[in-house]
Amino acid sequence: MHGIALLLAAAAAAYGLARAMDIPPVPLLLAAGVLLAPTGLLPAEFLQDSLILGVSFLLFQGGIELNPARVRGQRGAALRVGLVQFIALAALGLIAAVLLGFDLLSAGYLALALTASSTLVTVRLLQRRRQMFEPFGRVVVGVLLLQDLLVILLIPLMTRLPLGPLAVGQGVLAVGALGILMWISSRWLTPAVLAMDGDEEPLLLVVLAFLFGFMLLAGWLDLPLVVGAFLAGVALSTFPASGVVRSQLASIGDFFTAVFFTALGALIAVPEPGVILEALALAAVVVVATPPLVAFVAERAGLGAKPAIEAGLLLAQTSELSLVVGLYGVAEGQIDGEVFTVIAIVTLITMFLTPTLSHERLAWRLLRLHPVPSRVTQPPPVRDHVLLLGSGSTGMPLLETILTSGQEVAVVDDDPAVIARLGELEIPCVRGEAADLEVLDRVNARSARVISSTIRRPEDNRRLLDYVRGVPVIVRVFDEEDADWIRESGGTPVLYSEAAAERFFQWYDRSGPGSAAPG
Amino acid sequence: MTDLQLIADLGIILTAAALLLLVARPLRVPSIVAYIVAGLVLGPATGVIHATETVELISEVGIALLLFLVGLELSIEKIRAVGKAAVVAGLAQVSASTILGTMLGLVLGLGLMEASFIGLALSFSSTVVVVKLLEREDELGTLHGRLAVGILLVQDIVVAVALTLLAGLGASGEELGPAMVAEGLLRASLGMAALVAIAVIGARWILPRAMDWMGRSLEGLFIWSLTWCFAFILLAELLGLSVEIGAFVAGVSLAQLTYNHELVRRVNPLVDFFLAIFFVSLGVHLDAAAAFRVWPLALALTAFILLTKPVLIAMLVSRFGYGSQPSFLAGLLLGQGSEFSFIMVALGAGVGLVGNDVVALVAVTGLLSIGVSAGLIQARARIFRVLRGAGLLRLLRGLREEGPVGTELAGHIVVVGMNTLGRRLVDGFMERGELVLAVDTDPRKLADLPCPTLLGNTDHPAVLEEAGMARAKLVVSALQIEDANALLTHRASRLGVPVSVHAFDPSLVPELEALGATYLMVSKYDGIRQVAEALGRVGVRA
């Protein structure tokens, strides 16, 4: 009881601090654990069991999220970005670790630890900034899913590496066998889960029994338990079963996540200066190499320049799975506590840095350094034109009606597909960030007759309004607060939430459930 | 990380529990019975489980969290609504049952200590079983449902005091004497007073502000509440009180907050998980040989519970003017032993006040009575008719029969997500004279709405149930959360309720349509028309 109370109290402090500093709680939970360790109040066996239970739920929930449908149209981009980041970071990590004097096996563990970015930190930031469903948000989510999968599948191979190729081969077979079992069981489990929706207790028990049963199976196949937990989650990853299970498991997951990271923090030894330097060097590799690498590939894969940079900055940290990799290395006796501590510190540092690094200001600054290929098909009108910013595919009908009225138009959009289509129609357009002042300059924004902006972020609209003072600007906004704010800054807000409600009531009055039956 | 023992234990316990639960469901056997039977199968019969320290810790936390949950449900208004009838009937029933039980124990040849222990332990009815049954039958809001819950809450308070006293006695490790009891009582009351004082201070000055500040992060709120619970557990220990009472008081102090329903929903799965392990391991620990020895006694005690409790409660309740039906049903609902019966004798055995035979006796009796009582409750309508036909219910001559049952929503419209769109929708529905229920996870967004509101996350089935989704004529979501909208669409269309959700990005349309959405608000398209109008105002024909 005392142990749990202590872990929870530390976690509560971490959550409070995370709320106050407006950053994701994971690094703070780890830090709270580190501070807790020297008190010596946590028995080793209790910590060990907390870690096992915590990691089970963490990986199970990770597996549940593994649904490619979340990535939607961005699968190709996510695959390319994810693989390149994974391989390049592994290579860079390996080289850096060897240069730092680690033996080859330790360097391998460190390299694997550097390959993945943190789902917990990144998704939270995306949600916070309401970017989950922007194209770049989907790419980032896809990258995270891919990396989680790769790391989990590589852990059993890594732990068998020193035992020779035969053992590795057996590992591959065992993972394959478990995978097949996962696939078979998902076929009966998914309908069973859906049938039990709403009947909470049996649903929970069946799902938990499945989780622990699968872990037990992994144990019997001599695979790491986390592989079992993860695959058990994957078995339930199709919608709507995933949604049903996620809602049922959310609070148990929250509880064990908090306990897990705090307990993990308590395992991190207070490092010596040399260890800190090694960790700093590896953290630098992650933070410096990831953004340009990801931005480069993401842009080639079809993202706009700024979203590509933002994706790069957002992915520049190591993952909670890096810690799991380290734990396994230690448990298997293949790496020593120092290597684990290095992994933990790298994770701590990079997770702490992410909210600051991924701030928009830095993205804008980096965009300045970025050579934007200028592909102006048609010279934009010099003055009195209608300028559409971020038209997107939803803007097409509007564009067509403006054109038929004989009005001159220019368009800025960061979606290459939209730009290609406009190019075919010989409409003057520029591919780029609509809030980028250079881009605005190229389309003669200051001399436009009127500007229509569908830019979503308020700060971007503020930049625009400041820049084109005097030109009427119509801004599409969803929230009432944003509308007030646009009005104050001199723009004309159009509340599309209001439009949606109006349209809804047209439907409702005509054919909604209220209109149908008289009694 | 490679230690399989814990995973193996949990895997086996949970699998057995899940299997027996699935068998028990169609037979309408309460989950507790299924779990204990699972434990009996695993433990004494096969010897597969060797309860590790962590499994025991999980069990302990499970009981604490159950009391935390009971506390969370016990807001001042609920206590007030239950009123005098529940308090008087509850206290009188517990006293009468204890005395009668003790007498029966003495007649059956037990010692005074054992007999009185059994009498008190078996005077409680099962909160978990009854509340879950009522929930499943949708009868929590009925007159008999509220009466039964009220009496259970009174019993819970008595249990809490009894457990505290027991812990106080146990701590001193001396022989029981009148002076001991007096000292124990004094110490318990002082500790209790201190604990309650701290809880009151917390509930009034600390919690509302702190939780409000944290309110935006529901998981943060959850972790803070659990920490509050464990802080009180430690505090209770420090004051020489039981873990359970600490958790209970912590729960009550949180029950007054706006967030308490959300907390209940979040603590619930944790309790289900931990308690399943507790009850299974209870079965595992049951001394099979002892259980075998005590079965005639257990049968006698079971018959005693099944007969005396319903009669006592029905008679007491009817004295407050309730009619024959609610009185009878409340009595029938409460005719079984309690999970606290087990906990109490287990604690008693732990401090050496009673032997293992008594633990086995209470466990077997509790188990039997819960099983039979569940069957009787299922057949309540028939039993009622038969008894009334025989004229046996004439003693219960109150006037207050079942009146209109609360204010259950039906034919209403559920609007989820109080962003600008959600608010417009609420306004539009109100103008059309519809009955609207607004749902959001942020109490601030619900604060100034002109309609009934519900705080909660629609991902939880319990929230949808509370919103009366099955009876709604339309469910609308303005949320800009992909997964939540998809899940809501799936659940609503499965119930055959028309559902309209916000497809905040056109790419979401196909999936939502496939899930059975009746109408989709594709806000970005809808906004285009307004942009065109605005362009028209500056002279651009669009």
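Modeller: Here is a quick tour, starting with how the chains meet. One caution: this is a predicted model.

Biologist: Fine. How many residues of chain A are in contact with chain B?

Modeller: 97 residues of chain A, and they meet 102 residues of chain B. The two chains bury about 9,400 Å² between them. Carbon and sulfur atoms account for 67% of that area.

Biologist: Which three residues supply more of chain A's buried area than any other three?

Modeller: A:Met1, A:Arg19 and A:Glu201. Together they supply 8% of the area that chain A buries against chain B.

Biologist: Now aromatics. How many aromatic pairs are there over all chains?

Modeller: A search of the whole structure gives 26. Take A:Phe255 and A:Phe256: the ring centres are 5.0 Å apart and the planes are at 80 degrees, so this pair is edge-to-face.

Biologist: Are those two buried or exposed?

Modeller: A:Phe255 and A:Phe256 are both buried. They also belong to one aromatic cluster with A:Phe57, A:Phe212, B:Phe273 and B:Phe274.

Biologist: What about A:Phe505 and B:Phe429, how do their rings sit?

Modeller: Their centres are 5.0 Å apart with planes at 75 degrees, so that pair is edge-to-face. It crosses between chains. A:Phe505 comes from helix α22 (residues 496-511) of chain A, and B:Phe429 from helix α17 (residues 420-431) of chain B. Both A:Phe505 and B:Phe429 are buried.

Biologist: Switching to charges. Which ring does the charged end of A:Arg463 sit over?

Modeller: The ring of A:Trp364, at 4.1 Å from its centre. Chain B has a case with B:Arg204, whose charged end sits over the ring of B:Trp205. There the distance to the ring centre is 5.3 Å.

Biologist: Next, helix α20 of chain A. Which of its residues are buried?

Modeller: In α20 (residues 458-467) of chain A, they are A:Asp460, A:Asn461, A:Leu464, A:Leu465 and A:Tyr467. These cover an arc of only 165 degrees around the axis, so they lie on the same side of α20(A).

Biologist: Why would residues spaced like that point the same way?

Modeller: An α-helix has 3.6 residues a turn, so residues three or four places apart point the same way.

Biologist: Backbone next. Where is the cis peptide bond?

Modeller: Between A:Phe239 and A:Pro240, with omega about 0 degrees. A:Pro240 is in the loop between α10 (225-234) and α11 (241-267) of chain A.

Biologist: And what is phi at A:Asp22?

Modeller: Near 55 degrees, which is positive in a residue other than glycine. A:Asp22 is in the loop between α1 (2-21) and α2 (25-36) of chain A. Its relative accessibility is 45%, so A:Asp22 counts as partly exposed.

Biologist: What about A:Asn444?

Modeller: Phi is positive there, at about 55 degrees, although A:Asn444 is not a glycine. The residue lies in the loop between α19 (437-442) and β4 (450-453) of chain A. With 23% relative accessibility, A:Asn444 counts as partly exposed.

Biologist: Last topic. What are the domains of chain B?

Modeller: The domain assignment gives domain 1 (5-395) and domain 2 (413-537). Their C-alpha centres lie 40 Å apart.

Biologist: How many residues does the contact take from each domain of chain B?

Modeller: Eight from domain 1 of chain B and 11 from domain 2 of chain B. The area buried between these two domains is about 880 Å². Carbon and sulfur atoms give 51% of it.

Notes:
Residues are numbered from 1 along each chain as its sequence is written. Chains are lettered from A and ligands numbered from 1 in the order in which they are written. This is a predicted model: local features need pLDDT of at least 70, side-chain atom pairs count only at pLDDT 80 or more; totals for chains, interfaces and linings use all residues. Side-chain values use heavy atoms; hydrogens and water are left out. Rings of Phe, Tyr and Trp (its six-membered ring) pair if their centres lie within 6.5 Å; planes under 30 degrees apart count as stacked, over 60 as edge-to-face and the rest as tilted. Buried means under 20% relative accessible area, exposed over 50%, partly exposed in between (1.4 Å probe, protein chains only). Helices (H or I, at least four residues) and strands (E, at least two) are DSSP runs, numbered from the N terminus. A charge sits over a ring if NZ of Lys or CZ of Arg is within 6 Å of the ring centre and within 35 degrees of the ring normal. The arc is that of the directions from the helix axis to the C-beta atoms. Domain bounds come from an automatic or database domain assignment. Contact means heavy atoms within 4.5 Å. Buried area is the accessible area (1.4 Å probe) that two parts lose on being put together, summed over both.
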